[in-house]
Amino acid sequence: MGRITTLGEFIVQSQSNHPEAKGELSRLLSAIRLAAKVVNSQTNKAGLVDNIMGNVGTTNVQGEQQKKLDVYANDVFIDALQARHELCGIASEEEDDFVAFTSKECKNAKYVLLMDPLDGSSNIDVNVSIGTIFSIYQRQSPVGTVATMEDFLQKGVEQVAAGYVIYGSSTMLVYSTGNGVNGFTFDPTVGVFYLSHPNMRCPKSGKIYSINEGNYPHLPSGVRNYIKHCKELDPPTKRPYTARYIGSLVSDFHRNLIKGGIYLYPSNSLAPNGKLRLLYECNPLAFLVEDAGGKATDGRGKRILEIEPKELHQRTPFFIGSSNMVDEVEQFLEESDTRKAVEVM
Ligand code: AHG
Ligand code: MN
Ligand code: MN
């Protein structure tokens, strides 16, 4: 058997490729690795531990009920990250506002991190895969001061690293610093992540489409037409496609990244900007998919990574996955917009 690289070794090797690096990002990634292990251990016994399962009884700023494990994961990641003194602050889907770390060491840090600490949380009680998503930027405010909103409201193209942890049939940590996407699988018997998926590439085309089709009557007509297209029989183009929707973005994304496919969360008549959050969910996954050769847009030609954020909890329509499939659905939206414009004339 060849020598297997651990995540720790990989982080050290990657740093040595950048002689100018001082190790801040490496220590940050190590803190994420530690928090992922802790959350993983609780996630694995979610069905056993009464005080972890179920609702905590409060709601977050977006009016969603917070699950106990959401709050727990949020606290674990914040504690682990703050302890390394490499961040001047974090923003989290579970926090109303950003959290500035105000110790002298943290004020001297040069990075901020944004996260969805527990993604797919409605799946916890039914033993379905969930995840954590993170995104790292260099701060904009001067080193030595307290973090400000401008540190967090940066375009996705400015990310220096992004990734996710998937707590699935096995637990994986997948991340990129912009030089390739690498996946590490956790061996719980030794407590170590091993490089299992080096240089992950998203196939250009795929056969899987992932959308909450229950929203069908509320979806834009271009997306409804695309769904019909996915179901049509046309063997030369491998249609009908396969429908797969877990309801955990991390899990749906992870599958489509590996197998090829598209994930769609469009605007709908009840939610004009869709559901997913630009800073905590869409930007980090868009950074990963582009680095893996795929594509992420708002469905109307705008790259997710180019969207100018106006507020922390901003939402955006989201189309992500194999580049040919994202292009295809955009054509359907464009055609339907053109048709409507002609009808109005
Ligand atoms: P979270 O648990 O962080 O609030 O995210 C849930 C998200 C995402 O994981 C998933 O893809 C999507 O919500 C599912 O939404 P619908 O139930 O509307 O399909
Ligand atoms: Mn989420
Ligand atoms: Mn969440």
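## Reading cysteines, a strand and a ligand shell

Biologist: How many disulfides does a search of the whole structure find?

Modeller: The search finds 0 disulfides. Keep in mind that this is a predicted model. The general idea comes next. A disulfide is a covalent bond between the sulfur atoms of two cysteines. So the test is distance, with the two sulfurs within 2.5 Å.

Biologist: Why is Cys 230 too far for a bond?

Modeller: Look at its closest cysteine sulfur, in Cys 202. That sulfur is 15 Å from the sulfur of Cys 230, so a bond is ruled out. Cys 282 is in no disulfide either. For Cys 282, the nearest cysteine sulfur is again that of Cys 202, 16 Å away.

Biologist: Are Cys 230 and Cys 282 buried or exposed?

Modeller: Cys 230 is buried, at a relative accessible area of 0%. Cys 282 is buried too, with a value of 0%.

Biologist: Which strands pair with β5, and in what sense?

Modeller: Take β3, residues 87–92, to begin with. It runs parallel to β5, joined by 5 bridges. Then take β6, residues 130–138. β6 pairs with β5 in the antiparallel sense, over 7 bridges. Here Leu 114 has Ser 135 of β6 as its bridge partner.

Biologist: On to ligand 1. How many residues surround it, and which are the closest?

Modeller: The shell holds 17 residues. The closest are Asp 119, Asn 212, Tyr 245, Tyr 263 and Tyr 265. By class, 6 are nonpolar, 5 polar and 6 charged.

Biologist: Which strand gives the largest share of that shell?

Modeller: β5 does, with 3 residues. β13, residues 261–265, and β5 each supply at least two.

Biologist: Which residues place polar atoms by the oxygen atoms of ligand 1?

Modeller: From a side chain, a polar atom of Asn 212 lies 2.8 Å from a ligand oxygen. From the backbone, an N or O atom of Leu 249 lies 2.9 Å from an oxygen of ligand 1. A polar backbone atom of Leu 118 is 3.3 Å from a ligand oxygen.

Biologist: How much of the accessible area of ligand 1 does the protein cover?

Modeller: On its own, ligand 1 has 470 Å² of accessible area. The protein covers 84% of that.

Conventions:
Residues numbered from 1 in each chain as written. Chains lettered and ligands numbered in written order. Predicted model: local features only at pLDDT ≥ 70, side-chain atom pairs only at ≥ 80, totals over all residues. Heavy atoms only, no water. Pairing = 2+ DSSP bridges. Helix = DSSP H or I, 4+ residues; strand = E, 2+ residues; numbered from the N terminus. Buried < 20%, exposed > 50% of the residue type's maximum accessible area, 1.4 Å probe, protein only. Near = heavy atom within 4 Å. Polar contact = N/O pair within 3.5 Å; in protein donor to acceptor, adjacent residues only side chain to side chain. Areas by Shrake-Rupley, 256 points an atom, 1.4 Å probe, with all protein chains shown as cover. Nonpolar A, V, L, I, M, F, W, Y, C, P; charged D, E, K, R; others polar.
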